Amino acid sequence: MVSTVVLQVYLIYGLIFIMFSYFAIKALIRNRNRISITLALVFIIPALGILTNILYRTIDTYEFNLIGNKITIVLSCLGLINIYFFVELVSKSQVSFPLRKQLIIFAIYAALLSILFFIPNGVVFDYDSGLGIEGYKTRDTVDLDLGVPVWTTAFFLYGLIISQTLIIWLIFITVKQYKEFGKDSVYGKKYIKTLIGMILMDIVIVGSFVFNWLNDPTGRFINLILGIFIFSAAILLYLGLRQEKE
């Protein structure tokens, strides 16, 4: 029987990586200005996180598993900050929202997320044979026991607070823009798609935090199902954020 880990990593995550990469490339092909690059980063950054997830599961060394798991969640959260930049660039101008300001905000948020790397023993892997490096050494390699990441309460709470603070802010500014443009306008409808896409993607992120913290088989299966939401999230975000051809 194929484990939920294998299904999640190689089937769902593989397809998500392809979809995110496709949307990023498509955004860059349409235009190559600051706005389109920002849109592409919404997809490129989490795509790199997903690729890291696939790589560390494939290479399968314990040390890389630990760092790779952290890279995956950090990049998954980091990509969403570009939605804020996109909204600012569209609603204002590139002059009133200079590149320097965008880079500073990006660096600050990246630094806040990077603290996850320094939380002591924030991530440990759980195998059928036991926790941590001893579980890794004594695992069943015949049936491909890849193990599952378990996040400590400190790792779970810090990551959740940082990521959800951004999401709450993004929802606020998206709703504000929606009200300004009006529900019947083209841009109003686009902001609704963006809002729904963000919420669906956030459900996947929150699910990762909660169920990796709880480390319950039923919860992990639920998280596997929630992962499917990201396909709809990516489509809605692209449709909501893409620039219309002039």
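Which residues do ring pairs link into a cluster?

A: Happy to take you through it. This is a predicted model, so local features need pLDDT of at least 70, side-chain atom pairs count only at pLDDT 80 or more, and totals for chains, interfaces and linings use all residues. Residues are numbered from 1 along each chain as its sequence is written, and side-chain values use heavy atoms, with hydrogens and water left out.

The cluster consists of Tyr56, Tyr62, Phe64, Phe125, Tyr127 and Tyr136, linked by ring pairs. Rings of Phe, Tyr and Trp (its six-membered ring) pair if their centres lie within 6.5 Å; planes under 30 degrees apart count as stacked, over 60 as edge-to-face and the rest as tilted. By this rule the count comes to 20 aromatic pairs. One of them is Phe23 with Phe43, a tilted pair with 5.5 Å from centre to centre and 50° between the planes. This pair links distant parts of the chain, 20 residues apart: Phe23 is in helix H1 (residues 4–30) and Phe43 in helix H2 (residues 34–59). Helices here are DSSP runs (H or I, at least four residues), numbered from the N terminus.

Both partners are buried, a term that means under 20% relative accessible area, with exposed over 50% and partly exposed in between (1.4 Å probe, protein chains only). Phe23 has a relative accessible area of 9%, and Phe43 has 0%. Another tilted pair is Tyr84 with Phe85, whose ring centres are 5.8 Å apart and whose planes are at 55°. Tyr84 is buried at 12% relative accessible area, and Phe85 also counts as buried, at 0%.

Back to the cluster: Tyr62, one of its members, is among the buried residues of helix H3. Twelve of the 17 residues of H3 are buried, so the helix is largely enclosed by the rest of the structure.

Note on methods: Helices (H or I, at least four residues) and strands (E, at least two) are DSSP runs, numbered from the N terminus.
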